[in-house]
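Student: I have a model open and a list of labels for it. Help me test each label against its rule.

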Amino acid sequence: RYAIWGAGIVSPCDGVVASAVDGLPDHPVGLLHEENPAGNHVVVRCSGVDITLAHMMSGSVTVRGGEGIAKGQPLGRVGNSGNTTEPHLHVHGERNGDAVALRFDRRWLVRNGVVRRP
């Protein structure tokens, strides 16, 4: 009964799919899969920054590595795969292994922050 379960995920920017993983199982709330931390996920390379969108629903990833994509293009759906205790979308950015601050609708994201639709 998580409101985000199954919500569509779109690309945050124009870029190239650096990697995409699908087919890992969604698991019951409260169980962790530490061997696959990001679970089903997509990494989009945007202007030299790798944006990871993780914990996607099994079987929902719609893109493949090397594919060029546009901002707003569907990538998959929110699930509960990987090392997570409940359904949510994990987003982070890196450049050369270093974290990069991200903005969402003109707001800076804060670690463990929650972004809700207005």
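Tutor: Start with Asp50. Asp50 has a relative accessible area of 21%, so Asp50 is partly exposed. The rule: buried is under 20% relative accessible area, exposed is over 50%, and partly exposed is in between, with a 1.4 Å probe and protein chains only. One caution: this is a predicted model, where local features need pLDDT of at least 70, side-chain atom pairs count only at pLDDT 80 or more, and totals for chains, interfaces and linings use all residues. Residues are numbered from 1 along each chain as its sequence is written, and side-chain values use heavy atoms, with hydrogens and water left out.

Student: What makes Asp50 and Arg45 a salt bridge?

Tutor: The closest N and O atoms of the two are 2.7 Å apart. A salt bridge needs a side-chain nitrogen of Lys or Arg within 4 Å of a carboxyl oxygen of Asp or Glu, so the pair qualifies. By this rule the count comes to 1 salt bridge.

Student: Why is Arg45 called partly exposed?

Tutor: Its relative accessible area is 44%. That value falls between the 20% and 50% limits, so the label for Arg45 is partly exposed.

Student: Why is His55 called buried?

Tutor: His55 has a relative accessible area of 5%, which is under 20%, so His55 is buried. His55 is found in strand β4; strands (E, at least two residues) and helices (H or I, at least four) are DSSP runs, numbered from the N terminus.

Student: What does His55 touch?

Tutor: Leaving out residues up to four places away in sequence, His55 touches residues including Pro37, Asn40, Val78, His88 and His90. Contact means heavy atoms within 4.5 Å. Also check the backbone: phi of His55 is near 75°, a positive value in a residue other than glycine.

Student: Where does Asn96 lie, and is Asn96 buried or exposed?

Tutor: Asn96 lies in the loop between β7 and β8. Its relative accessible area is 77%, over the 50% limit, so Asn96 is exposed. Asn96 also has a positive phi, about 55°, although it is not a glycine.

Student: What makes a set of residues a nonpolar core?

Tutor: Members are buried Ala, Val, Leu, Ile, Met, Phe, Trp, Tyr and Cys residues, joined through side-chain atoms within 4.5 Å. The largest such core here has 16 residues, and Val42, Val44, Val63 and Leu75 have the most contacts inside it. β4 gives the most to this core, with 4 residues. Beyond four places in sequence, Val63 is in contact with several residues, among them Val17, Val42, Ile69 and Leu75.

Student: What makes a space a pocket?

Tutor: On a 1 Å grid over the protein atoms alone, a pocket is an open set of points with protein on both sides within 12 Å along at least five of seven lines, and lining residues have an atom within 4 Å of a point. The largest pocket holds about 2000 Å³ of space. Of its 44 lining residues, the closest to its centre are Leu89, Val91, Phe104, Leu109 and Val115. β7 gives the most to the lining, with 5 residues.

Notes. On a 1 Å grid over the protein atoms alone, a cavity is a set of points where a 1.4 Å probe fits but cannot get out, and a pocket is an open set with protein on both sides within 12 Å along at least five of seven lines; lining residues have an atom within 4 Å of a point. Grid points are joined across faces, edges and corners, and a volume is the space filled by probe spheres set on the points.
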